[in-house]
Every structure is written in structure tokens, then in C-alpha cells.
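Here's a protein model to look through.

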Amino acid sequence: MTGGDRTSKTGLIHRPRLDRLLVGRFEHRLTTIVAPAGAGKTSALSLAMENNRLDPRGVDIMIELSKAHDSRLRLIAELLEAVDVAYEPEHTDEQSLRRLVDAVWTRAPDEVALVLDDVQFLSDPDAMAVVRDLLELLPRNGHLVLASRRAVDVPSARLQAHAQVLEISSHDLEFDDDELHELREIRARPESTDLPRHAATADLRLAAGSSASTGFLREEVLAGLPADRLEQLRRVSLLDEIDDDIVRELSGGEFDAEMLIGLLPLVERRAGGTFRLHALLREALAADHEETERRKAATISADLMLRRGEHAEAMRLHLLAGNEVFARDIARAFVSEPTVSQSTVRIAEVARLVESFDSHGPLLEMLQTSRRFNGLVEGLVEPIFQVAASARACNDAQMEAVALHRGFQALFFNMMLERVEGPELDRLAELASIVPFARASHAHVISQLEQRRGNSAGALAALADYVHFGPEHATIVINQRLTDLGRVEEVGDGLSPDDLANLPEGAEIFIAYAMWLRGEGSPEFANEFVSGLLIDMEHRGIRDAVESALGVATSIALAAGDVVEATRRVQRARDLSRMGTPRLASLFASVAAASLAAEQQSDEAAAALLSDEATGAAFGLWPHRAHLLAMPLLYLCRPDTRPTLDRIEFGPSLTTAVAAGRALVALRDDDDPVPAAELPWTQLHILRVHLLPHHLTELACAAAARGVAAAIDALREIPNLDRHLARTVGTGGPAAAHAAVLLGSRPVTAPHALRLDLLGPICLWLDDELVVADDWTRRVRLRELLALLAERRRLSRSDVIGLMWSDHPDDAKASANLRANLSRLQRVLEPDRGQGDGYFLTTDGDVLSLHDDVATDVELFEQAIETARQADAAGAPLRALEAFGHAIDLYRGDYLMDLDVGWAVLTRLRLRSLAVGAMCRVGELVAARGEPEQAAQWAERAQRLDPLSERAAAIFVSALGAIGDRTAARTAAETITSRFEVAGLGLGRSTARAFERFL
């Protein structure tokens, strides 16, 4: 419908009465909307959600159900996807629902409404059990909205007793007099038009006349349309979701969605710009749709859906057209696709459709077996070979070849090489003469065997037969093999940017990996890019592919100097590995952990993690895919790999990586800087890709000492350079002298551990002993000087004087005061130090520097806050609570609370804000967990730190109300409102709204 300002963005008339009623979905545990078809359930929800986006009361997450969701698996997967959580098939239903609950919990204090539309499609008792479990498990900020054509079977008596159920009936959905008047105005019909109050029927009657029915709609509305438009409408009516691209393609560009559908009655505009035809309109369009034309339209639409990669929808349409053979062919093509292009949810959709026409064949067995496992795990091997045996018994050579191919993939991914050359390989060789796919698969096995034998020429030669996989499949697998064989420069060769954008799903993984290995972008750019790629892959839910990508992403983060992100990625990869992934995928986690250990601890720590025993993956005669990420580290830490790496002819980029490994060994073992000087320092991106920053620093110092200008320039690009220079000095090799010069000959090893507590009263700890020296305890200026240096780390003397002695009239006297305090501070920090600079406090001309080794509780506090935020963002509220609690424990009081100095004010306010935010977040999380007493305590603590924190105030008042003490809640709301008024501040809209319930 249209109507200017009287209509919403979705084309529906505004119904404030109904919207006010539906606002209650954020105040009740359960909302049910039960009414027959056409009563306006979906329209009412769409309007309410649109208005909520303009004036938020909470967060709506809508799932539009269909017959496809009538299974426990599909419903759980859809729910997880709706809250941006990847479905993990190895998780139990209980674990999956726990992750869903956590995702809702982490959105507290926002109220979250999970809206399930068309619940009547959930006829499977197991699927409805998921809904009942949700109602029981959702946290306090979670709300369930169920829209259905019939009563919903969920336990609600207890919730009814606590006034936690909002029931909306067909009577509530009926148009009132004002709404019917508005509808008449929109349709330009006279007031005398007699209208029913049922939404769809009223709209239909206005559009088609007083005696409207689907027949009348057909005769009076559709019959008046041009024949070409009517034909296109009939075609698109076969689809559930209609968008511009679909309409343009089906109509040959003659129409777009708005032109074709926009002005018709009974059309729902949906979020994202798609359309949906009401069942009455679809019925009217179908009535005069000749069977042959309907089948033709379904077939054309199916082909379009297949080109868009929608295999299940394409199969449904072909089945609608009676094309069972075509539907079967789509399913068979789907199971032949690379595993990186499949997900468990997509497999389940295709399997459900196959089951409708082939309930016992090897095709369904193949799909069901694939669905049982996530990726190419070891457990897949025997069941998939059994599928091959079943296919052979049915004389289905194609399906036998696909099953054998998947089995061999699992064998190689799990390094079960002793199992490869057996009867299954003989059978695959037999099939290769009659089945093109088998010929490609056999070549794939041979190529991998030749690689493991160290024969790269033989491995590359076998790629010629990959064309028999088909163009898209071959593109993915050839890029994978070229990467494995160290020919990363050839990956994606000849592809234009448009080609790259149109590659099949999964192909971009290996191309992106190759682009990183050949140094096509800076680590900083790659680190940003890979973050988005990881999110996309997590949504696909293929665990071994995600683990591999995390390994690559860790190397990228380390090269960019982002150790925090690298640590998070290693932890996530290890978590996946513990769930059970193929060995070659787990090797990525091992290499990532080793690289992180080398950067944070020592090369010896990395060597232990890289051993065959630790990784469970023997090195053999060729490096594995994960090893390509850390070739110099491997060459340095595992001498047994050097003969193999020296023998192999890689492409230019990986040849440089091996050369860098040789240069490290030459420096460490022979004090020989020449190989370091000969590295291609003008190709810094490639060196940054393959070398960990501390190794790159060591090699660059060695080359710079021999006068290589590009190596001197390279040092400026290395993140966290001082730390790496200090480490290079510690090697004592040819690079150490140059590193020491760059560091200003500072001592390398700290004489003891120093920790400075700045939150609350200032405390200094030397080797865990509290410093009580008179100079420290009695001299405020001394403590202020150290605190200032700890905050800024590097300051000129004039800046220090300006900040600490700004009101001193005599600059010479101020300088003398600074010198005296510096001398005393040096004795406090290093009591056994002689004359000159110390380790912790150094001078470089006019610049004073405090070493990074002086740890502060501020840094620990901020790290704990960041850890908590990451856990919160990742949907892990329990971990977030623990980390926020640790941060709050560190916050003993305001920053430098015993110093009244202007330069600390902004930092004090910032850290106090972080502490208040942490306390509020804990309050929000425990409130959503159903612990309002604790929430009130945390909010009270936050208010003591910041009496004008609206967030803390809202939590405190809401928590008192949730406890049941409405009098206390009202008193608190009045007191806080008055406090804000005295301060000249007004309450924000959301806070005022929270208070309204009690005032």
C-alpha cells in the first residue's frame, strides 16, 4: 500500500494503537500473536520493528519461519545465525542453545526480542521443544515473540501468574474505525465502502471491490494488467523472497521489483528491500497460470536460483515444476563441490529435499554422512568409504567417485598416508577411465603423493587433469595445490578483479593466502582485511577452514605488531583444535602458537612447539601448508628441515623466505652477516610477511652494519622496534653492535623487576617488595615525577618543568630541582646503580625516558578491560564477567588519588570512566542473569565513583524494581532525578523511560 506520510517505509499504514500494544514485547517474557492467515500478524510486527528502529526500546531479531525450519537442527542453526553465532554441528543442542543464550545475554542491558513469525510451520515436536527450551533458558533481557495461525504449545501458566505473558489475538489485530478511514483515504475509496475489519480482506476489497474474493481479485485487478506484466507476476509468485535482481533477470530487464509489484495490494515490503506476496495474491495468480507455463516459470526461476548458489531453492522449484531429474542433478552437483563451499546448514537443506524423492539411495547417504561431520575430520574416513561401497552396489559410478574423493581428502588432511595406497585408490584408478570426476580426483591423489615424495615436477604435472572437476571446482583446487607447492605467484594468475569477485565461494581463501605469502600488501592492510574474512568464514561454520584462516591471521597480526589480536586468534584456533579438527588444520594452530611464542618468549620456546611430537604432523620431504607461514622460523629452529628446504625449488617469495632462514642461521652459528646483507631489502613487504619482527630486526641490523641503506630504512617500518632491538643486542652476534648503537647503549637486562601502582595511593614495588625508602615516601615531587614519566614514557626536560614547576619564576631553579629529583629517583629505582644512566630511567640529550619494563597497574587494568570487552563482543559473558571483575579489583581508587596535579586530570577521568563502565557492565550482566540484588550493589559502587552516571542510575533503579521493592525504586528515581537537576543536567531519554515505570 502507499499513502505518503500516512504509510511506513514498508508501505503499511501506521497503527499507533497496535504499536503501543506491541511495545510490551520488551516488558514480557512471552508475547503471543495468534490469528488466522491475512489477519495482519506479520504487518503488525513489521510496523512495530520499524518504529522501534526510530525510537528504540530494545533490539528485535526476527526469524521468518517456513516449512524448511520444521526440524530441530535447522531451527537451531537459523537462531544462531540470527544472533551472529556460527553453528557448530559437533555441539549438542544444549551447547548450541547455551551459545544462543550467551549471545542474547551479552546484549544486556538492551532488551532483546526474538521474534518467530509463522510458528505454525513447526509441526515437528523436536522443533517446538527448541522454542520451549528457549522460553526457559533466555536471560532476563531476552523475550520471545511467537506469531502463529494457531495456538502455540508452550508452557505459560507460571509466566501468566507473574504477569509475564502478553497475548495479542485476532480481535486486537482487526482494523478499528480510524484505521479503516485511513485505509479508505489511501485507496481513494468513499466512506460508504463497506469494509470488514480483517486486514487482508479489507485491503483486498478496497482494491478489488465489495464482492472481492481471490476470483474477483483475479478478474478485476489482475485481468486489467498488461499481459507481459501479468506473466512476470506469475513467474515471481513462485518465489518466497523477491528482489530487484530476480525481477530484472526473469523479465530480461523489462521490470524491476518496484515497477512489477510495488503498487499491488497484499504485497509486503520487507527489510533489505525485498518483497513478499500475500498467499491470497499468490493464489489468485496461480489460478489462471497454465500448468505448462507454471512449470516453465518454475524451471526458469530454478536456473536463476542455481546461478545464485541457492541449491536448495533451485531444487524446490524444479520439484514444483515436476523436474525431479533436474533436482537430483543439482543435489549430485552440490555434493561434488569442494568442502569449503559447503556448510552443515546447506547440506541439511539439500538432504531434506532429496529425502522427498530418494529416501534410500547413495546420494542421500552421502549427504547424511557429510552432515554428521564438520569438515574432513578423521571420523569421516570409514563412513564415507562405506558410502562409496553403497554407490558401487547401486552402479552409481559418479557418486562412488565423489565419496572416494572425499575419503581421500580426509586421509590426507589427517595424515593417514599409510591408508592412501590401498584398494580404494585402485578402485578410483578404475573409475578414472569412465568417470571424468574420478579422473580429476585420481590426479589429485597422485599430485599429493608426489608432493610428499618431494617430487614437485610430478605433483605439478598431475594438475593438468584437474579440468575434469569442472571449471569452478578446478579453480579452487588448483589454487590450493599451487599454494601447497610453493608457487604462490601463480595462484589466481590471469584473473581480473571482476573474475576475483565472481569466483565460487571458497576460492578466495587460497587466493588471499597466496596474496599474503607473495607480499602484495602491507601487514597493516592485511590485518584489517583478514578480520572481515574471519567473520565471514565463522558464519559459514566450516571449522577446519576457520582454524586454518586463524593461523594465517595470526602471522599477519604478528607482522603488523598486533600481539593482542595475535594472542586472541591463537586462543581461538586452539579452542577449535581441541574440538577435533584434521591434523593439517590443527597444524595451523601449532605454527601460530609457535610464532607467538617466538615473538613473546624465545625461539627455543617456539622450537618445542614446532617439533613433530608437539604438532602430530611429521615434516617429511615437503613442508605442509601451515609451514609456509613460518619458513625462516622453521629453518632456524628445526635443523632437520634444512636439507629439504634447501633442495626444493619454490617460487620467488618462498625462496626469499628460505634465504632469510639461512641468513638467520649464518648469523647465529657463524657470525656471518653477508647472507643477511644479500636479502632483497627493497622488497620489504615480502620480508615482513615471512620474518617475525624480532628476526627481521636482527637481520636488518646485520645488513645495516654492512652499509645496506634499504635495511636501515626497513628498521623504521618494524613495529615495537625498541623491544626488538634490545632482543637483538642480547644475541651478541654481528647485529648486536648496531642494535646497541640504535638503543643508545642501554643495558639489556633489567637489574630487577619494578611495578608501579598508580590507581589509588602511589606504590612502588621492587621484586615484589614495597619500596619504603625515605626519598620515596617523603618526597611528593619524586613520586609525581615517576608517575609523569610512567604516563608519558618519553618527555623533554622542558616539558617536565612546564608540567611540574609551571608556576616557578626561576627556570634555573626549576632545572636544578629536576636534576636533584632525577638523581634521587635513579637511586630509588636502582639502589645498587653506579654513576650515569640506569636501565629504567635514561636520558638522551634533552629527552627523559622510562623503560617499558616498568610495569604499571594502569596497563594491567586497561588490558583486563580490553580482554573483558573482547569476551563480551565474542558472546562469552562468563569470561567477560571474570575479566571485568579482575579489572575492578585492580582499581584501588582514582588515578594518582594522593596527587593534586593538573596534568593527570584527563587520565584520571578516563580511567574512572573505564572503571564505572566495568562496574555497570557487570551490573547489566548479573541483572540479565536474574541477580538484581548484585546488580544493585554494582550500580551503587559505580555511582559512588560517578554520581552522575546515567547508566549506573538506570541499572540501580531497574534492579530495585526487579527485586520487588517499588518504593525504594521510586525513591531512588526521584533522588537521582533531583541530583541531575541540581547539576543542571537532564536525564537521557532511555534513562527517563526506565524511571517512568516507578515515578
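## Two helices side by side

The crossing of H16 and H18 is left-handed, meaning the near helix is turned anticlockwise from the far one by less than a right angle. Helix H16 covers residues 311-320 and helix H18 covers residues 344-355, and they pack at about 15° with their axes 9 Å apart. That angle makes H16 roughly parallel to H18 (angles under 35 degrees count as that). Axes are lines fitted to C-alpha atoms, for helices over the stretch in contact, and angles run from 0 to 180 degrees between N-to-C directions. Helices (H or I, at least four residues) and strands (E, at least two) are DSSP runs, numbered from the N terminus.

Who touches whom? H16 brings His311, Ala312, Met315, Arg316 and Leu319, while H18 brings Arg346, Glu349, Val350, Leu353 and Val354. Contact here means heavy atoms within 4.5 Å.

## The sheet

Now for an open sheet of five strands, ordered E2-E3-E4-E1-E5 with parallel pairing; strands pair if DSSP finds at least two bridges between them. Strands E2 (59-64) and E5 (165-169) sit at the edges, each pairing on one side only. On average, neighbouring strands are turned by 15° against each other, ignoring direction.

E1 (residues 30-34) and E5 run parallel, joined by five bridges. Ile33 has Ile168 of E5 as its bridge partner.

## About the model

This is a predicted model, where local features need pLDDT of at least 70 and side-chain atom pairs count only at pLDDT 80 or more, while totals for chains, interfaces and linings use all residues. Residues are numbered from 1 along each chain as its sequence is written, and side-chain values use heavy atoms, leaving out hydrogens and water.

Key. Parallel < 35°, antiparallel > 145°, perpendicular 65-115°, else oblique.
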